[in-house]
Amino acid sequence: MRGTRLCILPMLAALVSSPGPAQTQAQTPSQNPKQGPSLSPEQRADTEALRALTNSIPLLPVDRIELKVNPPLTLVGYSAAAADKQGNVYVIHRPVDANVDPIVVLNSKGNLLRSWGKGMYTMPHGIRVDPAGNVWTIDAHTSMIFKFTPEGKKLLEISVGDIPDASLAFCGATDVTFATNGHVYVSDGYCNARFIEYTADGMKVQEWGRHATLPLNVFRSRRSGAGPGEFRNAHDISMGPDGILYVADRENGRLQWFDKDGKYLGEKKFGGQLFSVAISPAGDLYVGTQPRDVPFGKDAFIFKFDPKSGKILGKIEAAAHQLSVAPDGTLLPGTRADKTTSVLLLRPLQ
């Protein structure tokens with residue numbers, strides 16, 4: 001176990017502009033889906049830059065599939081979905097009823113196979129399937145990471161810890177991704193600006209970045225967190241087979257990438273908000289974008305991006321709070337629809 005902590009953030013990232021429920025639910029599309037926020041001139045220009053970029057990119061042909069849950073089950077604000085090699089779909093949502101499981105598993109036809117997790121989550125956020133078929137979930141309030149078998153047996157839990165303000169609804173970890181050696185990388189992105197590497201059995205190897213130690217209102221107002229290797233909500237992460245770690249730097253509206261030890265390698269500015277990133281088995285990279293001045297899901301697009309050339313290859317009209325790519329190349333965006341009885345699948349057409 002390496003004891004050296006690597007720090008690549010010269011300045012601590014600004015907190016995403018979203019106070020917790022003890023104050024007012026955030027006035028951004030990410031937290032208040034009913035209305036868009038009022039924007040500063042800088043934010044408005046940034047959002048208009050995203051719109052101009054979006055208008056210049058061609059649509060990609062996709063087969064849009066609404067996978068109906070059978071028997072009908074209402075999914076509340078589902079934030080992420082993933083799939084395994086058998087075509088089963090794993091969904092994490094935020095049920096209002098405490099007696100409803102937040103994790104739902106469907107087969108390729110939408111038939112409900114099983115569900116689990118009630119009582120385990122405060123703010124269900126992300127779900128991933130690792131190369132071995134295990135299911136990983138993230139709670140963005142408690143900063144707990146859980147690993148399950150596909151049948152829902154808990155195998156491992158990781159308490160990320162160091163939560164700067166436990167009164168906030170969102171102040172913890174955001175996502176996980178997996179290295180080829182079995183190690184697990186966690187983005188601790190809401191109140192912190194760090195990444196943590198764990199072994200397959202949950203032992204911490206290293207971390208980089210710095211967690212919040214100043215009052216949170218300072219982070220909301222300061223104009224930092226926009227330099228290389230700095231973040232304003234590291235919201236989604238994905239590691240390619242070459243060991244490059246891609247990070248959706250949400251409130252900065254950009255994608256950043258690093259080697260597995262945290263060395264900054266590059267970035268691409270999109271504008272607006274960049275919620276998600278995922279890499280397909282074929283190596284295709286997708287990011288989910290969203291303007292700032294409209295409710296979440298409106299005018300949202302997924303871009304296909306080539307980081308080597310810097311070119312955006314096309315767009316798909318869909319919201320992606322978090323994003324996964326199934327083994328067969330199907331995209332599974334977390335739509336965060338208020339209430340739905342189906343899961344959106346996007347199958348690229350050749």
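Colleague: What makes the contact of Arg44 with Asp293 a salt bridge?

Modeller: This is a predicted model in which local features need pLDDT of at least 70 and side-chain atom pairs count only at pLDDT 80 or more, while totals for chains, interfaces and linings use all residues. Residues are numbered from 1 along each chain as its sequence is written, and side-chain values use heavy atoms, with hydrogens and water left out. A salt bridge requires a side-chain nitrogen of Lys or Arg within 4 Å of a carboxyl oxygen of Asp or Glu. The closest N and O atoms of Arg44 and Asp293 are 3.5 Å apart, so the pair meets this rule. Arg44 belongs to helix H1 (residues 41–55) and Asp293 to the loop between strand E20 (285–290) and strand E21 (301–306), so the pair ties together parts 249 residues apart in sequence. Helices (H or I, at least four residues) and strands (E, at least two) are DSSP runs, numbered from the N terminus.

Colleague: How many salt bridges does this rule give?

Modeller: The count comes to 19.

Colleague: With which residue does Asp46 form a salt bridge at 3.3 Å?

Modeller: The partner is Lys269, with 3.3 Å between the closest N and O atoms. Asp46 lies in helix H1 and Lys269 in strand E18, so this pair ties together parts 223 residues apart in sequence. Asp46 also forms a salt bridge with Arg292, where the closest N and O atoms are 3.9 Å apart. That pair links helix H1 with the loop between E20 and E21, 246 residues apart.

Colleague: Why is Asp46 called buried?

Modeller: Buried means under 20% relative accessible area, exposed over 50%, and partly exposed in between (1.4 Å probe, protein chains only). Asp46 has a value of 16%, so the word buried applies. Arg292, at 6%, is buried too. Lys269, at 43%, is partly exposed, and so is Arg44, at 37%.

Colleague: Is Thr149 buried or exposed, and how do you know?

Modeller: Its relative accessible area is 14%, so Thr149 is buried. Thr149 is found in the loop between strand E9 (144–148) and strand E10 (154–159). Not counting residues up to four places away in sequence, Thr149 touches Trp116, Asn134, Val135 and Leu155; contact means heavy atoms within 4.5 Å.

Colleague: What makes E4 and E5 paired strands?

Modeller: Two strands pair if DSSP finds at least two bridges between them. Strand E4 (residues 89–92) and strand E5 (residues 103–106) are joined by 4 bridges, so they qualify, and they run antiparallel. Tyr90, for instance, has Val105 in E5 as its bridge partner.

Colleague: Why are E3 and E6 called edge strands?

Modeller: An open sheet of 4 strands has the order E3-E4-E5-E6, with antiparallel pairing. Strand E3 (80–83) and strand E6 (112–116) each have a single partner strand, so one side of each is left without a neighbour in the sheet.
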